[in-house]
Amino acid sequence: MIPIGHYLFLSLALFIIGVIGVLTRRNVIIILMSIELILNAVNINLVAFARLFGDVAGQVFAIFIITDAAAEAAVGLGIIIAFFRNRETVLSDEMDMLKW
Amino acid sequence: MHLLDKALFYVFAGVAVISAVLVVTRRNAVHSAIFLITALLATAGIFLQLQAEFLFIVQVILYAGGIMVLFVFVIMLVNLDVALRQVQFNRQKWVAGIVVLALAAQLGLVIWTAGRIPGAGPGPNAAASPAPAPQLQPNAEMVARSLFGPYVLPLEIASVLLLVAMIGAVVMAKRKV
Amino acid sequence: MQELVHGLTQFARMNAGPLAFAVVLVALLPLMAGYLVLLERKIMADMQVRLGPMRVGPHGLLQPIADALKLLIKEDIIPENADLLVFWVAPATSVMAAMTALAAIAFGPGLQVARDLNVGILFVVGVSSLGIFGIVLGGWASNSHYSLLGALRSSAQLVSYETAAGMAMVSGLLLAGTLQIRGIVEAQRGHWWFICYAPVGFFTYLVASVAETNRAPFDLPEAESELVAGYMTEYSGFRWALYFLSEYTNMIVVASVATTLFLGGWLRPFASVRWLGFLDYLPPLLMLAVTAYCLVRVPQQPVAVQKWFLLAVAGCCALGAGMLAAPLALAPAKPYFAAVHGCFWFLLKVSAYIYVFLWLRFTLPRYRFDQLMRLGWQFLIPVSIVNVLGLGVALALADRWPLWASLAVTTLATLLIAAYLVRAGGRSTGEPAAAGKA
């Protein structure tokens with residue numbers, strides 16, 4: 001069967017790609033999508049270990065993470081819409097009203 | 001059968017990684033969203049391959065069929081043609097690249113050497129599925145028993161969290177508060 | 001590479017049945033959808049006291065083939081500045097989602113592509129909800145205002161009614177106790193069909209599924225007098241045919257889910273009552289009755305070609321009767337009894353459900369978009385949630401009170417709350433209540 005290390009490396013790859021997206025993109029919506037990638041990477045990790053140890057708690061934790069991601073995406077996108085209505089931009093570089 | 005299992009995993013893993021790279025590099029936000037949908041569906045496939053059937057369907061319904069619809073709606077509402085012609089990556093991309101490489105090297109080292117350090121766990125070569133059970137456990141029932149048994153408190157807190165998020169999203173998106 | 005081929009052939013040999021069934025389904029589905037369109041036009045004509053398509057082939061039976069040929073050879077128009085990849089992928093996504101949802105549906109005891117799926121019914125719901133992307137991306141990729149607005153309206157409608165449909169399904173699942181499709185149908189074998197225990201759930205699912213498939217009276221996104229044709233405006237020829245195929249396949253999927261959950265799936269009426277076992281002979285007798293009717297009408301036809309046509313129909317029905325009677329009479333065919341008869345009853349119930357869809361289309365006027373959203377959010381979702389609560393309470397009290405008593409009380413409470421919601425909806429907008437069970 002497939003060694004657990006392969007699942008962990010897949011999870012690592014998705015995590016790294018997500019972190020690169022969060023740190024380097026200007027478009028705030030794509031930053032949010034990269035955060036979803038990070039959460040998915042963690043889910044793969046959890047479910048792989050749940051299978052390794054035969055404990056279903058990993059899958060339960062993953063369900064909670066998906067719930068959390070849904071809540072955070074909803075609120076984050078609401079904030080983006082509110083901001084867009086005021087400033088007409090979705091680029092993170094231009095959201096600098098608090099800079100002095 | 002084991003071979004087909006492995007083939008499925010590598011196919012889904014490849015699709016997931018390629019889609020993730022495309023999510024992060026596309027200029028058009030709708031294209032990024034489409035590739036994120038494929039990445040999420042590939043992850044759902046990996047869940048199914050790990051015999052987590054309930055999580056597979058929760059991922060498809062909630063993540064791919066719910067959260068991504070929300071993303072696509074918002075992208076279409078704030079779609080700016082002018083954003084397509086601007087620079088896509090911000091000024092800190094080189095520093096970020098170095099930091100991320102360091103992070104990746106650290107985590108990769110941890111995964112690679114786990115098991116050679118005494119007491120560090122099963123190691124990366126432990127088979128991800130011990131001897132297959134004679135019959136598949138009913139996955140949805142087991143998750144349900146777990147959710148309404150030992151983990152009922154996080155379940156209730158999660159429902160309060162969703163209520164709070166709903167109210168927050170409605171308030172944030174209203175025209176006048 | 002050698003082992004990969006070996007593994008694949010072993011997989012194919014072990015799953016030959018489901019794979020063959022999948023191939024048959026995918027091959028037959030365009031034909032079934034096309035003839036469903038013809039059936040709809042004929043039934044519409046019947047309700048409007050006219051004849052419908054009669055020219056192409058006897059009684060218009062070759063009309064779907066003519067339509068398909070026309071759509072295939074039409075010019076493929078792509079709007080200027082349309083996003084080509086997404087424009088191409090969107091109708092394909094709709095069709096893929098609808099057809100994949102058919103994989104988990106059981107047409108009979110063994111007639112299923114994805115067998116033993118632990119979360120069978122949720123798989124159908126989840127995958128068919130991926131069809132929303134086909135609509136939204138198609139509307140966006142057309143680079144046209146009408147398309148985008150129509151797509152946003154249509155997907156808002158689909159998302160709104162998905163929750164109500166899901167809750168209505170939960171009320172059926174509470175009674176079944178399992179998510180496996182085979183388990184749900186078998187749970188209806190000893191008891192009555194679940195529509196008798198959860199009628200509010202069934203009617204909520206009926207209304208929500210009409211809205212889910214963009215059918216009238218909820219077809220604002222694709223009505224010709226509104227936004228041209230919504231998200232399908234810029235699609236012509238074969239791509240439009242793909243969208244249409246996905247819509248009719250969705251109708252079949254939704255009807256199959258309702259049949260499985262509420263109408264007893266592939267079980268004959270009163271499946272566990274032994275003294276009603278003569279109902280097993282009903283399917284071949286029905287087909288023989290249709291055959292006899294056709295044969296009786298043959299001498300009354302004025303034209304020879306119509307006589308031959310009726311004889312052909314009679315022959316087909318006789319063949320069907322023979323296929324249905326064979327497992328009852330011939331010993332070698334006995335193992336196929338459950339599958340063949342189960343398929344017949346399943347298709348009969350699905351056809352009845354789709355007939356109700358068509359009946360609604362030709363009877364009721366269209367809902368305006370705000371009325372549609374109000375019906376979904378302010379009436380159907382509260383009613384379905386209250387229904388689930390009531391059913392849960394009734395089932396929890398099942399060991400103390402007789403089930404019919406607690407079910408009657410909670411159904412009555414749900415109906416009272418629904419009536420209150422109807423009146424409250426009417427009062428808040430100052431117009432006669434626009435919401436109500438269709």
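Student: How many residues of chain A are in contact with residues of chain B?
Tutor: This is a predicted model, where local features need pLDDT of at least 70, side-chain atom pairs count only at pLDDT 80 or more, and totals for chains, interfaces and linings use all residues. Residues are numbered from 1 along each chain as its sequence is written, while chains are lettered from A and ligands numbered from 1 in the order in which they are written. Two residues are in contact if their C-beta atoms, placed from the backbone, lie within 7 Å. On chain B, 74 residues take part, and on chain A the number is 63.

Student: Which helix gives the most to the side of chain A that touches chain B?
Tutor: Helices (H or I, at least four residues) and strands (E, at least two) are DSSP runs, numbered from the N terminus. At least two residues each come from α1 (4-24), α2 (28-53) and α3 (57-87) of chain A. With 21 residues, the one that gives the most is α3(A).

Student: How many residues on that side of chain A are nonpolar?
Tutor: Ala, Val, Leu, Ile, Met, Phe, Trp, Tyr, Cys and Pro count as nonpolar, Asp, Glu, Lys and Arg as charged, and the others, Gly among them, as polar. The side of chain A that touches chain B has 12 polar and 5 charged residues, and its nonpolar residues number 46.

Student: And chain C, which of its helices gives the most to the side that touches chain B?
Tutor: Here 23 residues of chain C are in contact with 19 residues of chain B. Two or more residues each come from α1 (2-14), α5 (120-128), α6 (131-141) and α7 (145-176) of chain C. The one that gives the most, with 5 residues, is α5(C).

Student: How far apart are the nearest C-alpha atoms of chain A and chain C?
Tutor: Of the 2 pairs of chains that touch, chains A and B have the most contacts. Chain A and chain C do not touch, and their nearest C-alpha atoms are apart by 14 Å.

Student: How many residues does the largest nonpolar core have?
Tutor: A nonpolar core is a set of buried Ala, Val, Leu, Ile, Met, Phe, Trp, Tyr and Cys residues joined through C-beta atoms within 7 Å. Buried means 20 or more other C-beta atoms within 10 Å of a residue's own, exposed 12 or fewer, and partly exposed in between, with C-beta atoms placed from the backbone. Among those with the most contacts inside the largest core are I29(A), M68(B) and V124(C). The number of residues in that core is 189.
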